[in-house]
Amino acid sequence: MHNSVNTILGAGGFVLLGAAALGFLLTQISNRHLSLESQPIYEVTAAFDNVGDLKVGAHVSMSGVEVGRVGRIDFDAARQQAVVSLRLSTEFNRIPIDSSAAIYTQGILGGKFVGLINGSSGVYLKNQDRLAATRSAMPLENVISQLLTRYLGTKTVPPGGAGGGGLP
């Protein structure tokens with residue numbers, strides 16, 4: 001009987017440990033991280049014509065290094081644009097104020113993220129600043145449409161008409 005109780009408690013502990021590990025992995029796979037410590041941040045905004053399927057919690061990166069996360073996505077009715085709030089770590093407090101932001105796709109069909117492109121100013125972004133230069137997301141349908149238009153536009157009728165098979 002004693003051995004049976006130890007086995008049940010051991011199995012229960014193993015199941016709880018597995019559930020905790022699964023929960024942690026899910027937070028790492030998704031765009032929302034479980035953070036055990038609160039990092040100091042500052043918040044800047046950027047306005048886009050189209051954010052595609054950008055989600056709150058998406059990465060904000062600069063030169064391939066994660067510098068923050070998307071904190072909020074709102075709509076500015078006066079400007080008819082989406083306003084994205086970027087929560088940047090204070091560890092990265094020397095981002096030039098003339099930097100720009102663009103929305104990119106991870107891989108071919110991956111999720112969206114915001115990429116910051118370094119500016120050259122000696123003045124740096126601070127809390128509540130707004131990035132002036134942005135490039136919106138390009139939906140996959142638009143990319144395919146543009147490629148088809150270019151491809152079909154390059155097909156021309158050969159000299160001598162449609163049936164012109166060569167010399168007379």
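# Reading a predicted fold, feature by feature

Colleague: How many salt bridges does this protein have?

Modeller: The count comes to 5 salt bridges. The rule is a side-chain nitrogen of Lys or Arg within 4 Å of a carboxyl oxygen of Asp or Glu. The model is predicted, so local features need pLDDT of at least 70 and side-chain atom pairs count only at pLDDT 80 or more, while totals for chains, interfaces and linings use all residues. Residues are numbered from 1 along each chain as its sequence is written, and side-chain values use heavy atoms, with hydrogens and water left out.

Colleague: Let's zoom out. What pattern do the helices and strands follow?

Modeller: The protein has 2 helices and 8 strands. Along the sequence they read α-β-β-β-β-β-β-β-β-α.

Colleague: In what order do the strands lie in the sheet?

Modeller: Strands of a sheet pair through backbone hydrogen bonds, either parallel or antiparallel. Two strands count as paired if DSSP finds at least two bridges between them. This open sheet of 8 strands runs S7-S1-S4-S3-S2-S6-S5-S8, with mixed pairing. The edge strands are S7 (130-131) and S8 (133-135), and each pairs on one side only. S1 and S7 run parallel and are joined by 2 bridges. Thr45 has Arg130 in S7 as its bridge partner.

Colleague: Which residues of the largest nonpolar core touch the most other members?

Modeller: In soluble globular proteins, nonpolar side chains tend to be buried together. A core is a set of buried Ala, Val, Leu, Ile, Met, Phe, Trp, Tyr and Cys residues joined through side-chain atoms within 4.5 Å. The largest one here holds 23 residues, and Leu54, Val60, Val70, Leu86, Leu88, Val114 and Leu116 touch the most other members. S1, S2 (59-62), S3, S4, S5 (100-105) and S6 (112-117) each give two or more residues to this core.

Colleague: What is Leu86 in contact with?

Modeller: Contact means heavy atoms within 4.5 Å. Setting aside neighbours within four places in sequence, the partners of Leu86 include Val60, Val70, Val114, Leu116 and Leu131. Across the protein, consider contacts with a separation of 6 or more: 63% of them join residues 24 or more positions apart.

Colleague: And a loop residue? Where is Asp49?

Modeller: Asp49 is in the loop between S1 and S2. At 62%, Asp49 is exposed. Beyond neighbours within four places in sequence, Asp49 is in contact with Gln81 and Ser136. Its C-alpha atom is 8.9 Å from that of Val83, a residue 34 residues apart along the chain.

Colleague: Last topic, the surface. Which residues make the nonpolar patch?

Modeller: Ile144, Leu148, Tyr151 and Leu152 make a patch of about 420 Å². Patch residues have over 30% relative accessible area and no salt bridge; like charges are joined within 9 Å, and nonpolar side chains (Val, Leu, Ile, Met, Phe, Trp, Tyr) within 5 Å. Leu148 lies in helix H2 (residues 140-154) and is partly exposed at 48%. Overall, the protein exposes about 11,500 Å², with 61% from carbon and sulfur atoms. Those areas come from the Shrake-Rupley method with a 1.4 Å probe; for residues, only the protein chains shown count as cover. Buried residues make up 26% of the 168 residues.

Definitions and conventions: Helices (H or I, at least four residues) and strands (E, at least two) are DSSP runs, numbered from the N terminus. Buried means under 20% relative accessible area, exposed over 50%, partly exposed in between (1.4 Å probe, protein chains only).
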